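Subject: Handover of a structure and its findings

Dear colleague,

Please find below the structure that I am passing on to you.

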Amino acid sequence: QVLDPAFWGRNKKQVLLVAFVILYILSMEYLGYIAASFIALTSLFYLFGSRRHVFNLLLAAVFVLATYFLFVEVFRINLPTFALM
């Protein structure tokens with residue numbers, strides 16, 4: 001079924017999302033949690049059709065910083081940092 005060309009046409013967004021998540025996980029090692037998550041979240045907003053750019057940037061920034069604070073300060077879990085730091 002996966003070798004069927006129609007499969008890729010029908011499931012284009014799903015396949016793109018899986019590839020995107022793999023790229024996000026790999027990029028987190030080099031960019032760190034904050035940069036990789038911000039880029040990924042704003043890209044996902046755009047991919048799924050949201051065109052309110054300023055709102056998307058603000059929402060992504062608030063979400064990434066809130067989750068970073070939650071994991072680092074509250075749960076005491078170290079998240080990946082920028083590779084050159």
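For the chain, the mean pLDDT is 91, and 96% of the residues reach 70 or more. Where pLDDT is low, the predicted coordinates should not be read in detail.

This is a predicted model, in which local features need pLDDT of at least 70 and side-chain atom pairs count only at pLDDT 80 or more, while totals for chains, interfaces and linings use all residues. Residues are numbered from 1 along each chain as its sequence is written, and side-chain values use heavy atoms, with hydrogens and water left out.

The largest nonpolar core has eight residues, namely Met28, Tyr33, Ala36, Leu41, Ala60, Val64, Val72 and Leu79. Such a core is a set of buried Ala, Val, Leu, Ile, Met, Phe, Trp, Tyr and Cys residues joined through side-chain atoms within 4.5 Å; buried means under 20% relative accessible area, exposed over 50%, and partly exposed in between (1.4 Å probe, protein chains only). Helices α2 (12-47) and α3 each supply at least two residues of this core, and α2 gives the most, with four. Leucine 41 touches Ala60, Phe63 and Val64, not counting residues up to four places away in sequence, where contact means heavy atoms within 4.5 Å.

Asparagine 56 lies in helix α3 and counts as buried because its relative accessibility is 6%. With residues up to four places away in sequence left out, asparagine 56 touches Thr42, Phe45, Ser50 and Arg51.

A search of the whole structure finds one salt bridge, a term for a side-chain nitrogen of Lys or Arg within 4 Å of a carboxyl oxygen of Asp or Glu. The side chains of arginine 76 and glutamate 73 meet in a salt bridge at 3.8 Å, N to O. Arginine 76 is exposed, at 63% relative accessibility, whereas glutamate 73 is partly exposed, at 40%.

Finally, leucine 84 is found in the segment after α3 (53-74). Leucine 84 counts as exposed because its relative accessible area is 74%.

With kind regards

Technical notes
pLDDT = per-residue confidence, 0-100.
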